[in-house]
There are 2 protein chains.
Amino acid sequence: MSSGPRIAIDAMGGDSGPAAMVAGAARAFRRDSTLQFLFYGDEQIVGAEVARHQNLKGAVTIVHSPESIDASEKPSQAIRRARTTSMGMAINAVKEEKADAAVSGGNTGALMAMAKLALRTMPGIDRPALAALLPTLGEQDCVMLDLGANTECDAQNLVQFAVMGAAYARTVLSISKPRVKLLNIGTEELKGTDELKEAAALLREATDYLPFRFNGFTEGDQLSRGELDVVVTDGFSGNIALKTAEGTARFVTDLLRRAFKSSLRSKAGFALSKPALNLLKHHLDPNNHNGAVFLGLNGLVVKSHGGANPKGVANAIGVACGMVRNDILRKIGDDLDDFRAHAFANEAAQ
Amino acid sequence: MSSGPRIAIDAMGGDSGPAAMVAGAARAFRRDSTLQFLFYGDEQIVGAEVARHQNLKGAVTIVHSPESIDASEKPSQAIRRARTTSMGMAINAVKEEKADAAVSGGNTGALMAMAKLALRTMPGIDRPALAALLPTLGEQDCVMLDLGANTECDAQNLVQFAVMGAAYARTVLSISKPRVKLLNIGTEELKGTDELKEAAALLREATDYLPFRFNGFTEGDQLSRGELDVVVTDGFSGNIALKTAEGTARFVTDLLRRAFKSSLRSKAGFALSKPALNLLKHHLDPNNHNGAVFLGLNGLVVKSHGGANPKGVANAIGVACGMVRNDILRKIGDDLDDFRAHAFANEAAQ
């Protein structure tokens, strides 16, 4: 059997630690037995977990990490412990080309800081962005970036995010020409900040040779309608939108739970509707959309939700594999080169 | 019977025009028969609608407006037609003290521009803000501002919004010491933009003499938990959060509808649960939270949702009356004076 993607796993990160990370790897391995895993963490604890998953035998290397990064640790402190922690060592495995991607369920700020320092940004990218999938009413999830890596962004950053997000949708989601929009507070050309207006103008000018469709601005109420594939925004608004969406989904399902408990009659209705409601639950379960990606670095790092269960971890590993198999870093690089070549040609012609 | 608040109504604004606005007024009048209405709009059309609501007889004056503002009209064009349009004339009635508040379901941008020009900002307020109520899991709705009046805000703007939002919660929602937070992308002191950090520092310094509790930062997923009374944000993030919340609530209810339709069994479950689900529907119905307010002007203007039904319009009128009866403009003025007096004293002492 040919060897597939080599995934470095920070086995100590995440709320449930090694148990969920190893079980998630075992689950991913059942789907794709060409995977190779490098687990970083306490050798004894991780070893005991690995021993519980017979199917992983032969596909796993455990590398002892004497320390791990705390969930509340400041990024500035964390980066000093890159060489001794499971998170830092997993990222270094990508840098040293021992692994094709790293997956961690640990402290997001620390992971981002460490990944940036170890892997550096790709040529042509000023800042990396955090991208994730939002559930929609459509057939496909929608890619959204940046989700918090950059509090403020200029027009060039936003254009680069659009190119990276589209490359992600083309490869991992197999959408040949993704529909891309910028998140704004109105859809008219005059709406929003100067950065947004300038980014829209740059993308509109490039529309003929972009490997995606730039469709202008969108608003917060359109994100889950399934009518767009990539939403681009600065990290502040992106984080607000993502968390507001999570909070509102929980709010509505909490109200629903209350409604079903409100009378004997509605309890009976709930019992009858349960199989159908499980579909709703499945659709909204964050584990089914798990795996946020740092795009724009010279290497692949995936953030798994801290509270992810084994299914969620397996999905995050699946996201990493999708990017490795589709050689997303090369595609982003090519797209950026194309974009710049055309932009230069346009400028020269003017 | 003593005369209550005099409400100027832009009868031509909103998707359903005079029919919904007049029916909404009739509904509000059934709750409070001291109200007086000034309807601005086409005399014939509005007159015909008023004639359909016997109970309004004697409480209504119709003022003919030859024109109305289009839903897609640019604010810069709209302001030139303040004297001849139903929207402009309703706002002018407030300016000329013929009415205590104006209510419109028309074009938000035009309404804001006209209100700002006619009424001017209050002393001590640099920019007015648009405030509205969000549904929560708690007993009370939560006030959120700014929702789009100001794309960018400095620390002073945010502090003024906090004072205005708290005055709104104290008066209209009768919360004696509202819990106020700033919307951010994390709750640690170091998170977010410089403007947010500075606003938080100013509010924290003032904590002993504020007529509200400033509780630091909050995130998008906390807005509907019922654990805070006022959320303060710039108009860009506020608009993104509000629309994302609306879109997500619709997304989840759409998924729910699909789930119930997916089998005969779940259809039967739906039929049984219907009374309980109607409670959910009621809680999420935007008509029950209708009435956004421009705070910080020398006069009260309420924006009713364009698609509001008569119940929604009646609620927007109720919001206007609550502010009039509680003399919110004086309270905001007093609170700002107090805040500044203490801030000056602090500065002098340093």
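Predicted model: local features only at pLDDT ≥ 70, side-chain atom pairs only at ≥ 80, totals over all residues.
In the domain assignment, domain 1 of chain A covers residues 1-125 + 296-326, while domain 2 of chain A covers residues 126-288. The centres of these two domains, taken over C-alpha atoms, are 26 Å apart. Where they touch, domain 1 of chain A contributes 17 residues and domain 2 of chain A contributes 15 residues.

The interface between the two domains of chain A also holds specific pairings. The rule finds one salt bridge across it. A salt bridge joins the side chains of Lys311(A) and Asp285(A), with N to O at 3.5 Å. On the side of domain 1 of chain A that touches domain 2 of chain A, the helices α5 (108-119) and α10 (310-325) of chain A each supply at least two residues. The largest share of that side is the six residues from α10(A). Sorted by class, the side of domain 1 of chain A that touches domain 2 of chain A has six nonpolar, nine polar and two charged residues.

The next interface is the one between the chains. The size of an interface is often given as the accessible area lost when the parts come together. For chain B and chain A this buried area is about 4900 Å², with 70% of it on carbon and sulfur atoms. The contact brings together 57 residues of chain B and 57 residues of chain A. Two salt bridges are counted between chain B and chain A. Lys243(B) is paired in a salt bridge with Glu219(A), and their closest N and O atoms are 2.2 Å apart. The rule also finds 12 residue pairs in polar contact across the interface of chain B and chain A, both residues being at pLDDT 80 or more.

Which helices of chain B each supply at least two residues of the side that touches chain A? They are α8 (235-261) and α9 (264-284) of chain B. The largest share of this side, 22 residues, is supplied by α8(B). By class, the side of chain B that touches chain A comprises 27 nonpolar, 19 polar and 11 charged residues.

Most residues other than glycine have a negative phi, and most peptide bonds are trans. In chain A, a cis peptide bond links Leu145(A) and Asp146(A), with omega about 0°. Asp146(A) belongs to the loop between β6 (142-145) and α6 (155-171) of chain A. In chain B, Leu145(B) and Asp146(B) are likewise joined by a cis peptide bond with omega about 0°. Ser174(A), which is not glycine, has a positive phi near 55°. Ser174(A) sits in the loop between α6 and β7 (179-183) of chain A, and Ser174(A) is exposed because its relative accessible area is 59%, above the 50% cut-off. In chain B, Ser174(B) has a positive phi near 55° and is exposed at 59% relative accessibility.

Over all chains, a search of the whole structure finds 32 salt bridges. Side chains of opposite charge can pair when their charged atoms come close. Asp100(A) and Arg6(A) form one such salt bridge, at 2.9 Å from N to O. This pair links distant parts of the chain, 94 residues apart: Asp100(A) is in the loop between α4 (86-95) and β4 (101-104) of chain A, and Arg6(A) is in strand β1 (residues 6-10) of chain A. Asp100(A) is partly exposed, at 25% relative accessible area, and Arg6(A) is partly exposed, at 30%.

Another salt bridge joins Glu67(A) and Arg81(A), whose closest N and O atoms are 3.3 Å apart. Glu67(A) is partly exposed at 33% relative accessibility, and Arg81(A) is partly exposed at 22%.

Note on methods:
Residues numbered from 1 in each chain as written. Chains lettered and ligands numbered in written order. Heavy atoms only, no water. Domains from an automatic or database assignment. Contact = heavy atoms within 4.5 Å. Salt bridge = Lys/Arg side-chain N within 4 Å of Asp/Glu carboxyl O. Helix = DSSP H or I, 4+ residues; strand = E, 2+ residues; numbered from the N terminus. Nonpolar A, V, L, I, M, F, W, Y, C, P; charged D, E, K, R; others polar. Buried area = accessible area lost by both parts, 1.4 Å probe. Polar contact = N/O pair within 3.5 Å; in protein donor to acceptor, adjacent residues only side chain to side chain. Buried < 20%, exposed > 50% of the residue type's maximum accessible area, 1.4 Å probe, protein only.
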